[in-house]
Amino acid sequence: MSVPPSLDVEQARPRLRELTVVDVRTPGEFASGRLPDALNVPLDRLLRSLPELRSAAGRGPLLIVCASGARSAGAVRTLASHGIGASSLTGGTEAWAAGGNALDHPGGGARTRAVWAMERQVRCAAGALVLLGLLLGLLLHPGFSLLSAAVGGGLVFSALTGTCAMAVVLGRLPFNRRGAEARP
């Protein structure tokens, strides 16, 4: 069965009961608020979860969700390359909440301390590394300025390829691993 590559909030809301919602954010992001009945399969574990996702897709359409829609769109492409049809939620959980829809919070509704969205974490880490490289280059040795150049190059590479090594590394930090994980 053919599925559209993306659904917006207005298209997804009435179909939510028939969709299997798979959230590809880190467990820490997932714990800070998710679509109702969403399952957490972090993006870095997507390939290991292919058998379960294939089985879930056999029972009904998959809706892949992240914070803004960027990671979920990439996950949909990855799943399609393995013969699994899925749709990405355009705008992610941010658009879902902005549309007046409630987010569930694992653990009986008790909110945990919110974890920054991965894109925000990457911007903060990249900015801090650029500033550190410039500061060390001015105060200690000009060679430290290469750190800033390396981060800049990494950001350009990330934009051109649609991948982000810094996000992968940040996703493995303990505060991004907290929270309940569920499998399809």
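## Overall architecture

The chain holds nine helices and five strands, where helices (H or I, at least four residues) and strands (E, at least two) are DSSP runs numbered from the N terminus. This is a predicted model, in which local features need pLDDT of at least 70 and side-chain atom pairs count only at pLDDT 80 or more, while totals for chains, interfaces and linings use all residues. Residues are numbered from 1 along each chain as its sequence is written, and side-chain values use heavy atoms, with hydrogens and water left out.

Followed along the sequence, the elements come in the pattern β-α-β-α-β-α-β-α-β-α-α-α-α-α.

## Burial and contacts

Of the 184 residues in the chain, 39% are buried, a term that means under 20% relative accessible area, with exposed meaning over 50% and partly exposed in between (1.4 Å probe, protein chains only). Among contacts (heavy atoms within 4.5 Å) between residues at least 6 apart in sequence, 69% join residues at least 24 apart.

Helix α3, residues 50-59, has Leu-50, Leu-53 and Ala-56 as its buried residues. Seen down the axis of α3, these fall within an arc of 125 degrees, so they line one face of the helix; the arc is that of the directions from the helix axis to the C-beta atoms. The cover over these buried residues includes β2 (20-23), β4 (62-65) and α4 (70-81), whereas Pro-51, Gly-58 and Arg-59 are exposed on the other side of α3.

## A positive phi at Asp-37

In the loop between α2 (27-31) and β3 (39-40) lies Asp-37, which has a positive phi of about 60 degrees although it is not a glycine. Most residues other than glycine have a negative phi. Asp-37 is exposed, with a relative accessible area of 66%.
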